[in-house]
Amino acid sequence: MLAVAILAAGKGTRMKSQLPKVLHQLAGKTLVERTIESCQQVSPDRIFVIIGYKGEQVKEALSHWRGLEFVEQKEQLGTGHAIQQLIPYLGDFEGDLLVLNGDVPLLRQETVARLVKTHQENKNQATLLTAMVPNPEGYGRVFCGENNLVKQIIEDKDCNPQQRENNRINAGVYCFRWQALRGVLPRLSNTNKQQEYYLTEVFDYLERVMAVDVGDYQEIIGINNRCHLAVAHEILQKRIRERWMMAGVTMINPESIIIDDTVQLGTDVILEPGTHLRGKTIIGNNCRIGPNCYISDSRLGENVTVLYSVITETEVGDNTRVGPYAHLRGGVIIGEACRIGNFVEIKKSTIGRKTNVAHLSYIGDATLGEEVNVGAGTITANYDGIKKHPTVIGSRSKTGANSVLVAPVKVGEDVTIAAGSVITEDVPNDCLAIARERQKIIPGWRPKGGDR
Ligand code: UD1
Ligand code: MG
């Protein structure tokens, strides 16, 4: 039996933030979610999340996770005090307890599995992850004897200068025999520099504690301030980019490309410099994105090209070209082989296949049929100052340059709208609609008192 406890009650004072530390994001997921994910492979029987500072907010952010049990630590008196809160919940539990600090977001599932395996095979009372790091500042130092058996952990602030030289650090990830841990938890004191009940003090009392060294120290970076967050972001982006490049995605100047963990990419996708892919974005095979695009929570079909554009909550069909300088947002569906062009904004609209909105338009709350041609500068006037209204344009219709469609309005199929028209009434199928003042010529006219 294996239970997991994630420590997520701390404020994260060093983050200087209104947000609890564990809710800060890295590539589309919060620190605490990443920590929970890292113990998926070991299939825990129970997962406890210890919450305290803005606990309701942490709970809310994790509401989509199934099977989490939240334990409140009312006052945050230290990591040892946090684990003491589990005593009423775990009681006589006969299994192991895996403890993870909620601010260690880059741990690999395999590493956690290796920790648990080593712990169980060696019948240890406790086993913990350690790493040799170039700069151990801020971390607890781990002092080992023979065979990786741990003698003591001393927190950075409590180290003397010589102890501080030790660069073997505690990752904040431990596996305990619960009954052994439970026996020593009441012995914790807070007579240290931070006046906290340290979980690491239990190693003064437990026997047979083994350290498992992580080869890649970057995995166990703990996030205590925004500089650490930036370092973790860089490491994670490198991992994500490499994973996609190995899966058949070309990246030009990869360092300038940012991809959330939640994004899916097809093969032979080309990402140009300055491309940002966020949220639940899915990009089909053979798409070419960038330079300089921001795409979030959107789905692009195959062979789509997007240049210098911002796309959110949008679906784009195969073979469509978007940009330069398009902004598609808030529930847009674009069909196949469309051309969505230069300086075009489309909001909450459906655009049929082979329809072009090529230049300088605003299309909002509209439904456009197939093979429509929206002339340069066409605007849907969808807002009357109080409410938004719909516009419909039937298949094969064309709007002339600089037309305004004052919604609610319905334009039929096979219609031509003359340039500069202001369409305020519905237009039937198969006709020409002109809605503008006729041009007048006044022969011989000149301004009063003016010369010819
Ligand atoms: C801790 C370890 C240190 C280790 C480092 C690894 C202790 C005493 N020190 O230090 O040895 O090298 O992590 O990153 O454990 N938390 C609570 N309740 C509390 C206090 C903290 O839930 O009362 C949570 C925090 O939200 C955080 C985690 O515990 O997720 C670690 O706390 P933090 O203050 O970051 O400990 P470190 O100083 O980093
Ligand atoms: Mg920390």
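A salt bridge (a side-chain nitrogen of Lys or Arg within 4 Å of a carboxyl oxygen of Asp or Glu) links Asp261 to Lys29 in this predicted model, with 4.0 Å between the closest N and O atoms. Two salt bridges are counted between domain 1 and domain 2. Three residue pairs, both at pLDDT 80 or more, are in polar contact between these domains; such a contact is a pair of N or O atoms within 3.5 Å, and within protein one must be able to donate a hydrogen and the other to accept it, while residues adjacent in sequence count only if both atoms are side-chain atoms.

Domain 1 covers residues 2-220 and domain 2 covers residues 244-433, with bounds from an automatic or database domain assignment. Their centres, taken over C-alpha atoms, lie 48 Å apart. Four residues from domain 1 and four residues from domain 2 take part in the contact, defined as heavy atoms within 4.5 Å. About 290 Å² is buried between the domains, 47% of it on carbon and sulfur atoms; buried area is the accessible area (1.4 Å probe) that two parts lose on being put together, summed over both. Within domain 1, Ala27, Gly28 and Lys29 lose the most area to domain 2, together 85% of what that side buries.

Residues are numbered from 1 along each chain as its sequence is written, and chains are lettered from A and ligands numbered from 1 in the order in which they are written. Local features need pLDDT of at least 70, side-chain atom pairs count only at pLDDT 80 or more, and totals for chains, interfaces and linings use all residues, while side-chain values use heavy atoms, with hydrogens and water left out.
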